[in-house]
Amino acid sequence: MLLMKKYKQLTSEQRYAIYLGLENGDTQRTIASLIGVSPSAVSRELQRNKDKRGGYSWRLAHEMAMERRERLPGNRATPERITEMLEAPVYFTDPYSAWQKGSIENANKLIRQYIPKGASFKDYPPDRLKRIQHRLNERPRKKLDFNTPKVEFYKQLM
């Protein structure tokens, strides 16, 4: 039976050593033996993190690696993790349970009257988004006895 070593990401020190090795003109094989990884790990690191001119920045490479680590499937945000980070309760609907999403779906429908689906909020200046927000918050709602969300919000504060 073939035993495979568990993959381990390079440390910032190893990335810095790769950078210094490249500056000294060392081969990838030499650099790999100096930092204790396989030559293919060095090659993969250089391919994955080279800039447009073919250069290698160890700081940028380490930053990008940390971003990739956050995107790993095991690092997905869970309701518990989000609650902990925000210090506020967060609720998620069950998959395929549209009846649990009514309020947000209605809010999305109202927003889509001003911003088409597929458009990015980044394409709209902040003052335009503020006007849209104001219009939505000043719109009377049947569910609120035809009061506005703003009025109901302030009622809760009193």
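Predicted model: local features only at pLDDT ≥ 70, side-chain atom pairs only at ≥ 80, totals over all residues.
Colleague: Why is Asn49 called buried?

Modeller: Its relative accessibility is 5%. Buried means under 20% relative accessible area, exposed means over 50%, and partly exposed lies in between (1.4 Å probe, protein chains only). Asn49 therefore counts as buried.

Colleague: Which residues does Asn49 touch?

Modeller: Leaving aside residues up to four places away in sequence, Asn49 touches Gly55, Tyr56, Ala61, Met64 and Arg68. A contact means heavy atoms within 4.5 Å.

Colleague: And why does Ser57 count as partly exposed?

Modeller: Ser57 has 32% relative accessibility, so it counts as partly exposed. You will find Ser57 in the loop between helix 3 (39-49) and helix 4 (58-70). Leu46 is eleven residues from Ser57 along the chain, and their C-alpha atoms are 9.5 Å apart.

Colleague: What makes a space a cavity, and what makes it a pocket?

Modeller: On a 1 Å grid over the protein atoms alone, a cavity is a set of points where a 1.4 Å probe fits but cannot get out; a pocket is an open set with protein on both sides within 12 Å along at least five of seven lines. Lining residues have an atom within 4 Å of a point. Searching the whole structure finds one cavity of 30 Å³ or more. The largest cavity holds about 30 Å³ of space, and its lining includes Asn49 and Ser57, along with Tyr56.

Colleague: How many residues of the lining of the largest cavity are nonpolar, polar and charged?

Modeller: Three are nonpolar, three polar and two charged. Ala, Val, Leu, Ile, Met, Phe, Trp, Tyr, Cys and Pro count as nonpolar, Asp, Glu, Lys and Arg as charged, and the others, Gly among them, as polar.

Colleague: Which helix gives the largest share of the lining of the second largest pocket?

Modeller: Helix 6 does, with four residues. Helix 6 (102-112) and helix 7 (126-137) each supply at least two lining residues. This pocket holds about 280 Å³, and its lining has five nonpolar, three polar and two charged residues.

Colleague: Why is the protein chain said to be more spread out than a compact globule?

Modeller: The chain has eight helices and zero strands. Its radius of gyration is 26 Å, well over the 15 Å that the globule rule gives for 158 residues, so the chain is more spread out than a compact globule. The radius is taken over C-alpha atoms, and the rule is 2.2 Å times the number of residues to the power 0.38. Along its principal axes, the C-alpha trace spans about 75 × 45 × 30 Å. Buried residues make up 16% of the 158.

Colleague: What about Gln14: buried or exposed?

Modeller: Gln14 has 17% relative accessibility, so it counts as buried. Gln14 sits in helix 1 (residues 12-24) and touches Gln9, Ile35 and Val37, not counting residues up to four places away in sequence.

Key
Residues numbered from 1 in each chain as written. Heavy atoms only, no water. Points joined across faces, edges and corners; volume = space filled by probe spheres on them.
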